[in-house]
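Good morning, and thank you for coming.

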Amino acid sequence: MKLLITGGAGFIGSAVVRLAVKQGHQVVNLDALTYAACLDNVSSVADSPLYSFEHANICDREALTRIFGTHRPDLVMHLAAESHVDRSIDGPGAFIDTNITGTYTLLEAARSYWHAEGRLDTFRFHHISTDEVFGSLGATGQFTETTPYDPRSPYSASKAASDHLVRAWGETYGLPVVLTNCSNNYGPYHFPEKLVPVVILKALAGEPIPVYGKGDNVRDWLYVEDHADALLTVAAKGEVGRSYNIGGENEVTNLDLVKMICAILDDRRPTGAPHAELITFVPDRPGHDMRYAIDPSRIRDELSWKPSVTVRQGLALTVDWYLMNEPWWRALQNREGVGQRLGQG
Ligand code: NAD
């Protein structure tokens with residue numbers, strides 16, 4: 001298959017690019033190279049004859065028309081987005097532009113291309129979204145694919161809007177769409193402003209490890225390479241018009257997650273004092289959702305997919321990756337906003 005992957009220089013997109021090339025697919029990576037992008041994430045496949053890169057913005061219809069015409073993809077996997085909740089609190093405009101207008105522009109470009117190619121029913125537009133569109137859970141319950149949308153942050157509201165647009169293009173124009181909503185990812189190449197890399201890098205530097213509020217917010221943690229595998233499974237076997245929730249089956253409070261990372265570092269890089277002593281509680285994010293949890297039955301039962309690692313195994317792999325790839329994360333620490341407290345409202 002020929003895949004057009006948007007956002008392939010980001011965290012999750014690059015994992016999909018690497019895996020898709022490994023599986024023998026032809027891949028076109030379309031990315032605007034925002035602050036969150038890093039082409040080093042795909043350096044392992046950059047010389048492959050199966051890989052090509054297009055520096056373009058998904059809001060640029062002319063560029064999209066040229067890229068669809070040149071590469072003639074069988075499948076679009078749409079991951080390009082503004083993705084950091086804290087940044088969405090400080091500057092929601094970029095989230096509206098990319099996540100809503102960009103998705104609309106990409107849908108229109110895909111629709112024109114699909115028409116020109118004779119409306120092949122083998123074509124797919126796979127939209128990658130988040131469980132945050134479902135809002136916040138109490139102590140019990142899980143999100144299913146039919147949970148009503150209830151987004152709470154500018155980020156999740158913009159992603160919810162993009163999901164609605166994709167469904168509307170499927171229903172109204174017959175575009176063969178499929179959607180996935182996944183839980184929190186972690187793993188190699190995670191940009192150093194997100195929780196897991198922040199904890200690893202603060203602990204390594206011997207600096208206070210910031211934990212929002214009391215650290216009692218619960219997330220379901222999904223290893224990024226498992227997620228990439230799930231996405232390629234859905235792209236190949238998912239039913240048109242259907243959405244699939246993807247989870248790691250690993251619900252943990254933020255505080256427990258931070259303690260797990262500290263314990264791994266105590267083993268890998270002992271300092272004489274437990275790294276957990278660096279944990280520092282800081283004022284919470286405004287509107288911080290309390291709990292997300294995924295019911296993974298549909299993808300497990302219909303597509304026979306389940307995660308391959310537990311959160312403990314995945315965190316150990318992640319910590320080891322950061323220890324072995326210091327030049328990668330050092331280069332990103334100078335980027336705008338990295339290392340600063342954002343999103344206090
Ligand atoms: P990321 O921020 O690491 O990467 C996003 C990529 O998109 C970057 O390479 C960036 O340059 C590119 N991009 C941004 N705006 C663009 C534009 N206008 N045109 C073209 N490219 C643009 O994000 P991520 O964490 O890899 O997330 C990928 C997708 O998965 C997003 O849609 C996100 O909403 C979704 N998601 C992420 C998580 C998570 O835990 N990270 C969880 C659920 C869903």
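How much space lies in the largest cavity? The answer is about 50 Å³. A word on the source: this is a predicted model, in which local features need pLDDT of at least 70 and side-chain atom pairs count only at pLDDT 80 or more, while totals for chains, interfaces and linings use all residues. Residues are numbered from 1 along each chain as its sequence is written, and side-chain values use heavy atoms, with hydrogens and water left out.

A cavity is defined on a 1 Å grid over the protein atoms alone, as a set of points where a 1.4 Å probe fits but cannot get out; a pocket is an open set with protein on both sides within 12 Å along at least five of seven lines, and lining residues have an atom within 4 Å of a point. Grid points are joined across faces, edges and corners, and a volume is the space filled by probe spheres set on the points. By this rule there is one cavity of 30 Å³ or more.

Which residues line the largest cavity? They are Val 85, Glu 132, Arg 152, Ser 153, Arg 219, Arg 285, Gly 287, His 288, Asp 289 and Tyr 292. By class, this lining has two nonpolar, three polar and five charged residues. Here Ala, Val, Leu, Ile, Met, Phe, Trp, Tyr, Cys and Pro count as nonpolar, Asp, Glu, Lys and Arg as charged, and the others, Gly among them, as polar.

Two of the lining residues, Arg 219 and His 288, lead us to Asn 254, which touches both of them, as well as Leu 195, Gly 215, Asn 217 and Trp 221, leaving aside residues up to four places away in sequence. Contact means heavy atoms within 4.5 Å. Asn 254 belongs to helix α8, residues 254-268; helices (H or I, at least four residues) and strands (E, at least two) are DSSP runs, numbered from the N terminus. Is Asn 254 buried or exposed? Asn 254 counts as buried because its relative accessibility is 10%, where buried means under 20% relative accessible area, exposed over 50%, and partly exposed in between, with a 1.4 Å probe and protein chains only.

I turn now to the second largest pocket, which holds about 160 Å³ of space. Its lining consists of Ala 15, Arg 18, Leu 19, Lys 22, Glu 225, Ala 228 and Asp 229. Helices α1 and α7 are the elements that give two or more residues to this lining, and α1 gives the most, with four. The classes are three nonpolar, no polar and four charged.

How do these two helices meet? Helix α1 (residues 11-22) packs against helix α7 (residues 224-237) at an angle of about 65°, and their axes are 9 Å apart. Axes are lines fitted to C-alpha atoms, for helices over the stretch in contact, and angles run from 0 to 180 degrees between N-to-C directions. Among the residues in contact are Phe 11 and Ile 12 of α1 and Leu 231 and Leu 232 of α7. The contact has 10 nonpolar, one polar and three charged residues.

Finally, consider Phe 125 in strand β5, residues 124-130. Phe 125 is buried, with a relative accessible area of 0%. Its C-alpha atom is separated by 8.2 Å from that of Leu 107, 18 residues away along the chain. Leu 107 is one of the residues that Phe 125 touches, and others include Val 76, His 78 and Pro 176. Thank you for your attention.
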